[in-house]
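Let's work through some exercises together. Try each task yourself before you read the solution.

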Amino acid sequence: MHPVKILVVEDEKKIASFVRKGLEAQGFVVDVAHDGDAGLTLATTRPYDVAILDIMLPGRDGLSVLRTLRERKQPLPVILLTARGELNERLEGLNLGADDYLTKPFHIEELVARLHAVTRRATGQSQSILAVADLTMNLLTREVSRAGQPIELTTREFSLLEHLLRSPGRVLTRVEITERVWEYHFDPGTNLVDVYIQRLRKKVDGEFAEKLIETVRGVGYRIRANPKSE
Ligand code: CA
């Protein structure tokens, strides 16, 4: 196991140093950048497992760093740090492809739990391919494709789709999804799940005539079951 490398982009020196010390104590390897441009340069030139991006930064802000990473097809998982009240920024961040967010102030244990969730890989699974209709997911290579066309997913989107694909035809409630995909055992107080389903739909169902992700009004979401003949 190589050490997990974390990039922290945070201009508030106190918070940056609290995060660095807390994560180093847990065995993470941490680099810190104090503004968005320095953060983007590090993120694009060095290999990190996760980036922790503050939204409000001098110069290029966290959302702009995230947008640029995604425009360059950088799949680097991103956890956003937001201040209380930055709801629009938070939702914009999730739409741009952030994997999670944490509202300041937070306990280091919360951040560590999010990091573990984001970096966890599907290991030790007996089944390495999940499929419904012409949609396939390889848990080992983490490749997803529909009708042979590759689909790029963020870590969170992948996890969400994986949970849907593990029980085709079964409805997952928003609470179940929140617990399994985000490991939150509380209501995050946002339409997080709906935002992610919307993003996943765009990528998975997009222009295909046959829609695989179904909404069960008032209950939750499911992925269509395979026909019995398959
Ligand atoms: Ca800041």
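**Exercise 1.** Decide whether phenylalanine 18 and phenylalanine 106 are buried, partly exposed or exposed.

*Solution.* Start with the cut-offs: buried means under 20% relative accessible area, exposed over 50%, and partly exposed in between (1.4 Å probe, protein chains only). Phenylalanine 18 has a relative accessible area of 36%, so it is partly exposed. Phenylalanine 106 has 9%, so it is buried.

A word on the model: it is predicted, so local features need pLDDT of at least 70 and side-chain atom pairs count only at pLDDT 80 or more, while totals for chains, interfaces and linings use all residues. Residues are numbered from 1 along each chain as its sequence is written, and side-chain values use heavy atoms, with hydrogens and water left out.

**Exercise 2.** Find how many aromatic pairs the structure holds, and classify them.

*Solution.* Step 1: rings of Phe, Tyr and Trp (its six-membered ring) pair if their centres lie within 6.5 Å; planes under 30 degrees apart count as stacked, over 60 as edge-to-face and the rest as tilted. The structure holds two such pairs.

Step 2: the ring centres of phenylalanine 18 and phenylalanine 106 are 6.0 Å apart with planes at 45°, so this pair is tilted. Phenylalanine 18 belongs to helix H1 (residues 13–25), and phenylalanine 106 to the loop between strand S5 (100–103) and helix H5 (108–119), so the pair ties together parts 88 residues apart in sequence. Helices (H or I, at least four residues) and strands (E, at least two) are DSSP runs, numbered from the N terminus.

Step 3: for tryptophan 182 and tyrosine 196, the centres are 4.9 Å apart and the planes at 80°, so the pair is edge-to-face. Tryptophan 182 sits in helix H7 (residues 174–182) and tyrosine 196 in helix H8 (residues 192–204). Both tryptophan 182 and tyrosine 196 are buried.

**Exercise 3.** Name the protein donors of the calcium ion and locate the aspartates.

*Solution.* Step 1: donors are N, O and S atoms within 2.8 Å of the metal (3.2 Å for Na, K and Ca); water is not among the atoms, so sites may look incomplete. The protein donors here are Asp11 (OD), Asp54 (OD) and Met56 (O), lying 2.1 to 2.4 Å from the ion.

Step 2: aspartate 11 is in the loop between strand S1 (5–9) and H1, and aspartate 54 in strand S3 (residues 50–54), so the pair ties together parts 43 residues apart in sequence.

Step 3: aspartate 11, at 27%, is partly exposed, whereas aspartate 54, at 2%, is buried.
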